[in-house]
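I opened my notebook to go through this structure one topic at a time. Here is what I looked up.

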Amino acid sequence: AVLQLHFAAQLPGLQVSAMHMRPSLSFSTPAARAQRGAALLAALIFLIVFTIIGVGVVGTTTTEEKLARNFRDMDIAFAATEAALRDAEIRINGYWNKPAQPVDPYAFSPDCTNGLCDRNAQQPVHEKYSLTASPSVELGAGTTGTQAIALVSEQPRYLIESTCGSIPGESATKPCQTIYRITSIGFGRLSAQTMLQETYIP
């Protein structure tokens, strides 16, 4: 609604005419108020939906980062475990020295001293004897001189068992051959641990 006021004043020596005052007055109707309420409700719904989507995206990203970190930690632990196996092989063959100086067969004992277990050791050795402390030995500790591994919480360790067995395909009457069973454990940068075991024939 628009209210228009028109007036003209005649004063001595001064004439004011055709002055218009047009104040604009608006009146809200029930339909307009309902439309504004609906728009506000729709905006709130969209805000809630976008907030939920944002929280979900952040949560998914965080979970993926944790998974990637755990997989990376497992890879580091696995690599450390394999390095311990190779170090044990070098110790058995004696390739750490020139000329090669193979491990002394009489150095193996039932109590796995220095990580060397003979056939009289309790079985299975990786359960009966510690792989996180003595008698197992750290990488490079068995005179091999292998350098320590970086980015791990602890250096990998291993035990070597000396056993006697026959090689598949050979004559059963042939005397048994010395076979070594190596059990190693590796640690990741955080909390991952892996254990591997191999049978090694020099």
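How many of the 202 residues of the protein chain count as buried? I found that 28% of the 202 residues do. Buried means under 20% relative accessible area, exposed means over 50%, and partly exposed lies in between (1.4 Å probe, protein chains only).

I noted the ground rules next. This is a predicted model, where local features need pLDDT of at least 70 and side-chain atom pairs count only at pLDDT 80 or more, while totals for chains, interfaces and linings use all residues. Residues are numbered from 1 along each chain as its sequence is written, and side-chain values use heavy atoms, with hydrogens and water left out.

**Entry: the fold**

I counted two helices and seven strands in the protein chain. Along the sequence I read the pattern β-β-α-β-α-β-β-β-β. Helices (H or I, at least four residues) and strands (E, at least two) are DSSP runs, numbered from the N terminus.

**Entry: a surface patch**

Which residues form a nonpolar patch on the surface? I listed Leu-41, Ile-45, Phe-46, Val-49, Phe-50, Ile-53 and Val-57. Together they have about 690 Å² of accessible area. Accessible areas come from the Shrake-Rupley method with a 1.4 Å probe, and for residues only the protein chains shown count as cover. A patch is made of residues with over 30% relative accessible area and no salt bridge; like charges are joined within 9 Å, and nonpolar side chains (Val, Leu, Ile, Met, Phe, Trp, Tyr) within 5 Å.

Phe-50 sits in helix 1, residues 30-93. Its relative accessible area is 56%, so Phe-50 is exposed.

**Entry: the largest pocket**

Rolling a probe the size of a water molecule over the atoms shows where empty space is left. I looked up the largest pocket and found a volume of about 190 Å³. Its lining has 13 residues, and Arg-91, Val-103, Asp-104, Leu-116 and Thr-143 lie nearest the centre. I sorted the lining into six nonpolar, five polar and two charged residues.

For the terms: on a 1 Å grid over the protein atoms alone, a pocket is an open set of points where a 1.4 Å probe fits, with protein on both sides within 12 Å along at least five of seven lines, and lining residues have an atom within 4 Å of a point. Grid points are joined across faces, edges and corners, and a volume is the space filled by probe spheres set on the points. Ala, Val, Leu, Ile, Met, Phe, Trp, Tyr, Cys and Pro count as nonpolar, Asp, Glu, Lys and Arg as charged, and the others, Gly among them, as polar.

Most residues other than glycine have a negative phi, and most peptide bonds are trans. I looked for exceptions here. The peptide bond from Lys-98 to Pro-99 is cis, with omega near -5°. Pro-99 lies in the loop between helix 1 and strand 3 (116-117). Gln-123 and Pro-124 are also joined by a cis peptide bond, with omega about -10°. I placed Pro-124 in the loop between strand 3 and helix 2 (125-128).

Cys-112 has a positive phi, near 60°. Is Cys-112 buried or exposed? Cys-112 is buried, because its relative accessible area is 0%. Leu-151 has a positive phi too, near 65°. I found Leu-151 in the loop between strand 4 (137-138) and strand 5 (157-165). Leu-151 is partly exposed, at 49% relative accessibility.

**Entry: salt bridges**

Side chains of opposite charge can pair when their charged atoms come close. I noted four salt bridges in the structure. A salt bridge is a side-chain nitrogen of Lys or Arg within 4 Å of a carboxyl oxygen of Asp or Glu.

Glu-89 pairs with Arg-86, with the closest N and O atoms 3.0 Å apart. Both lie in helix 1, three residues apart, about one turn of the helix. Glu-89 is buried at 15%, whereas Arg-86 is partly exposed at 35%.

Arg-157 and Glu-138 meet at 3.6 Å, N to O. Arg-157 lies in strand 5 and Glu-138 in strand 4, so the pair ties together parts that are 19 residues apart in sequence.

Glu-161 and Arg-181 meet at 2.9 Å, N to O. This pair links distant parts of the chain, with Glu-161 in strand 5 and Arg-181 in strand 6 (residues 177-187), 20 residues apart.
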